[in-house]
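Dear colleague,

Please find the structure below, followed by a summary of what was found in it.

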Amino acid sequence: MQTLAINQFNQTIAALFTSLGQDEFYLSLVSFIYQQVPADSSVVLLYQRGASPKLLLDRMTERDRSAMQAHYFAGAYLLSPFYLRWIADPLQDYLGRLADIVPKGFFDSVYYRDYYGRSGLNDEMSYLIPLSAQTAILFSLGRSEALPLFSELEKTELDAVYPIIVRAIQRHASLVTLPTSTRLKVWLDDGVKLFGQSLLTEREQHVVQMMLQGHSSKSCAKVLAISPTTERVHRRNIYTKLNISSQAELFKLFFAAISAENLTQGIDPLSALRSKASKASV
C-alpha cells in the first residue's frame, strides 16, 4: 500500500471510530467502505424479529429508494434472501453477494421481476451483522448498471476489512439506543410458514414457500427430492385450491394475506383474509 493510500486509510478509519455512538457513524462507515470498494446505492437496515426493518441510513439511488418504499417495508422483506438468511441463522455474521445466496432461477422469478428487481441494481454485496438473537444490521452495497459487477478482488478487499466492520457496528450499537418499530401482534415470519396451511397439504405448503422465495420449478423439485412432474402436479393443485392461475397472483394473494388486520398468531394468514372477505360479502 502506497504512503498516500495508507494515510487515507488511517484518516477514514480514525473518523469511523471517532464517530462511534454518534449520529454520523453510518456516514463514516460508508466513507470507509467506499474507499475500499465503490458502490452507488447503499442502505443500512435494522432487522428485528417481530417488527418490520428499520431504516438507519439511506444512500440509495432514487429508483432503489422508490422500490424499497413501495414494496419492501410492506412485506416484501419477508422474502428477501438476506432476511431469510438471517432468520435461518440469526447469530451468524455474513458477507456475500446476492447472487451467491439466492436459489437457482431467482433472477427469473416473479418475486425478482415484480419486487426485488425494481430497485434497478445490477449487483449487491451485503454485510449481515448480528447484534443478538433478535436483532441484526444489514449493510448493503448496491451497484446500478453504471458500475461493473463486484469482482473477486473487491470481495477480497471487503473481506480484509470485515473484522473492522463487524466490531465497529456491534460497538456502535452498544453505545446507542436502537430505534424500534411498532411491534407486530403477529410475527410475520411465522405467517410465511403458515401461509396456505388451511387449504393445502404439507407438501403443497413446502412448494408454495419455495415458490415465494424465488425457486424455479426445477430447483424446487431438486430441493424437495421429488420429480419435476410431481412438482408440476403440486403447483397445479395449489393454483386450484387457492383459486389463482399464476405466480403473480400467488404473490398478490400472499401480500394481501399478511396485510390482513385480523391476523392471529399460529393461524394461516389466508384464514384471516378469507374471514374478512366473507364478512364483507354479507
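The buried residues of helix α12 are Glu231, His234, Arg235, Ile238, Tyr239 and Leu242, where buried means under 20% relative accessible area, exposed over 50% and partly exposed in between, with a 1.4 Å probe and protein chains only. Helices are DSSP runs of H or I with at least four residues, strands are E runs of at least two, and both are numbered from the N terminus. Seen down the axis of α12, the buried residues fall within an arc of 135 degrees (taken from the directions from the helix axis to the C-beta atoms), so they line one face of the helix. The face turned away from the buried side carries the exposed residues Arg236 and Thr240. Just after α12, Asn243 takes a positive phi of about 60 degrees.

This is a predicted model, in which local features need pLDDT of at least 70 and side-chain atom pairs count only at pLDDT 80 or more, while totals for chains, interfaces and linings use all residues. Residues are numbered from 1 along each chain as its sequence is written, and side-chain values use heavy atoms, leaving out hydrogens and water.

The largest nonpolar core has 49 residues, of which Tyr47 and Phe195 touch the most other members; such a core is a set of buried Ala, Val, Leu, Ile, Met, Phe, Trp, Tyr and Cys residues joined through side-chain atoms within 4.5 Å. Helix α13 (residues 247-258) gives the most to this core, with seven residues. A second, separate core of 30 residues includes Phe9, Val37, Met125 and Ile165.

Yours sincerely
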